[in-house]
Amino acid sequence: MTDRSFSPIHVIGGGLAGSEAAWQIANAGIPVVLHEMRGVRGTEAHKSDSLAELVCSNSFRSDDATSNAVGVLHAEMRLAGSLIMAAADRNQVPAGGALAVDREGFSEAVTAAITGHPLITVIREEVSGLPPKEWDQAIVATGPLTAPSLAGAIQAETGADALAFFDAIAPIIHTDSINMDICWFQSRYDKVGPGGTGKDYINCPMTEEQYNAFVDALIAGDKTGFKEWEGTPYFDGCLPIEVMAERGRETLRHGPMKPMGLTNAHNPTVKAYAVVQLRQDNALGTLYNMVGFQTKLKYGAQMDVIRMIPGLEKAEFARLGGLHRNTYINSPTLLDRSLTLKSRPGLRFAGQITGCEGYVESASIGLLAGRFAAAERKGDALPLPPATTAFGSLLNHITGGHIVSDDEPGKRSFQPMNINFGLFPLLEPGAITKPDGVKRFRGKDKTVMKKQLVAARALDDCAAWLKASYGELPAGEPSLG
């Protein structure tokens, strides 16, 4: 449908999120003006002026929608008529169970679809400040390499502590992969904080021998250096754990791994030499982050070293740690559930700047922001996706699913994240049952079934949401022209 009776919605940024947002808005019959600075001003990472350029890997990760959270998000985006997924499918290259693309073909397909849409106007210009209020409806989707002038305007609008330029991330672990026969719940000195019980941390004890081996492995482990365009120095409050270890063998024991105020519930008479603590990371309690464990260890070395910690030998990671240059807002504080800036009605944010990571995650938030903006322009209700879907789980993480850190004032508790099953609500009690004819059903088999059930529930609920909110599901792949 082509309808010029509506005022246009402006989208700033022609990456994956901005392109997807523009596509969704235009397909709802609303004109779009897409502002992209490349062509006028480049970035340190992009090589071309094409829309939706992939600046890192060419992989969209797993395409398994039966038992992988990324694959579920792929499937939901296809159900919602995603341009990004259509272009990816059209330009797929062999990659086993992953969806990888010819990066140039993919970007060219997105560019052609956007520039060929009768309701989308692309303007090559840098938007150096927040959208003027006369634009009325706008989406900022400028990604982790937001131009300094726009980043400064966002910071002036939202507050000095609302925008991060440095991403210091500790590993986050799936709760059900932690061995609680070794670990135990306890807050230091049994302190009860706001909303706490005195048992708010998972504690992993170490002997002196285990601690020394761990420190040696940290120091020897393979590290990742800053990329050329990431010249940000460390903050004192977020030193990599291996840097602390290099400053002295006892540094960690007197820092994030201090054993004081803790008693091993499994062995109360033996004092741990050091203790690694994990703090609940999401409201569902399915994820725990490692306190003070931001790191620059390469991913393989990082997993090996962390699995040396007693109780984490079989740890499964929702995300691994890292330090890098990033621009993202403190979304749970600043945005409402429809991704609108609370202090500025009509102004939405989308993509990586909201605190998600990954190509498809960024595009999916662009898809939601576009649909929300189009519904608001039409005066319709804003139908939020169910929390049981990949859409809803990721939206919940961005807009309020994290845990505020009360015991570390001034530190960010909200961190960007990829989609993972730890963000989805738990299954109903009794949902996981032993299949007929199976004698032994535990461990890996139960984990696989849980993922399959969560995935199936997500896709059923997404299909029902799209049908109830937007009518019939799309008939097929969007036309790319």
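Modeller: Quick one before we start: "contact" means heavy atoms within 4.5 Å.

Colleague: Okay, and what kind of model is this?

Modeller: This is a predicted model, where local features need pLDDT of at least 70 and side-chain atom pairs count only at pLDDT 80 or more, while totals for chains, interfaces and linings use all residues. Residues are numbered from 1 along each chain as its sequence is written, and side-chain values use heavy atoms, with hydrogens and water left out.

Colleague: So what is Phe106 in contact with, leaving aside neighbours within four places in sequence?

Modeller: Leu16, Ala52, Leu54, Phe60, Ile84, Ala87, Ala88, Asn91 and Val101.

Colleague: And which residues touch the most other members of the largest nonpolar core?

Modeller: Phe60 and Phe106, out of 89 residues in that core. A nonpolar core is a set of buried Ala, Val, Leu, Ile, Met, Phe, Trp, Tyr and Cys residues joined through side-chain atoms within 4.5 Å. Buried means under 20% relative accessible area, exposed over 50%, and partly exposed in between, with a 1.4 Å probe and protein chains only.

Colleague: Where does the largest share of this core come from?

Modeller: Helix 10, with 10 residues. Helices here are DSSP runs (H or I, at least four residues), numbered from the N terminus. There's also a second, separate core of 33 residues, and Ile178, Val215, Phe293 and Ile309 are among them.

Colleague: Switching to packing: at what angle do helix 2 and helix 10 pack?

Modeller: About 35°, with the axes 10 Å apart; helix 2 is residues 69–79 and helix 10 is residues 359–378. Axes are lines fitted to C-alpha atoms, for helices over the stretch in contact, and angles run from 0 to 180 degrees between N-to-C directions.

Colleague: Which residues meet there, in helix 2 and helix 10?

Modeller: Val70, Leu73, His74 and Met77 from helix 2 meet Val360, Glu361, Ala363, Ser364 and Leu367 from helix 10.

Colleague: How do the axes of helix 2 and helix 11 cross?

Modeller: At roughly 110°, coming within 9 Å, with helix 11 covering residues 390–399. That makes helix 2 roughly perpendicular to helix 11, a label for angles of 65 to 115 degrees. Val72, Leu73, Glu76 and Met77 of helix 2 touch Ala390, Phe391 and Leu394 of helix 11.

Colleague: Last one: is Ala17 buried or exposed?

Modeller: Buried, at a relative accessible area of 6%. Ala17 sits in helix 1, residues 16–27. Its C-alpha is 8.2 Å from that of Gly143, although Ala17 and Gly143 are 126 residues apart in sequence.

Conventions:
Helices (H or I, at least four residues) and strands (E, at least two) are DSSP runs, numbered from the N terminus. Angles under 35 degrees count as roughly parallel, over 145 as roughly antiparallel, 65 to 115 as roughly perpendicular and the rest as oblique.
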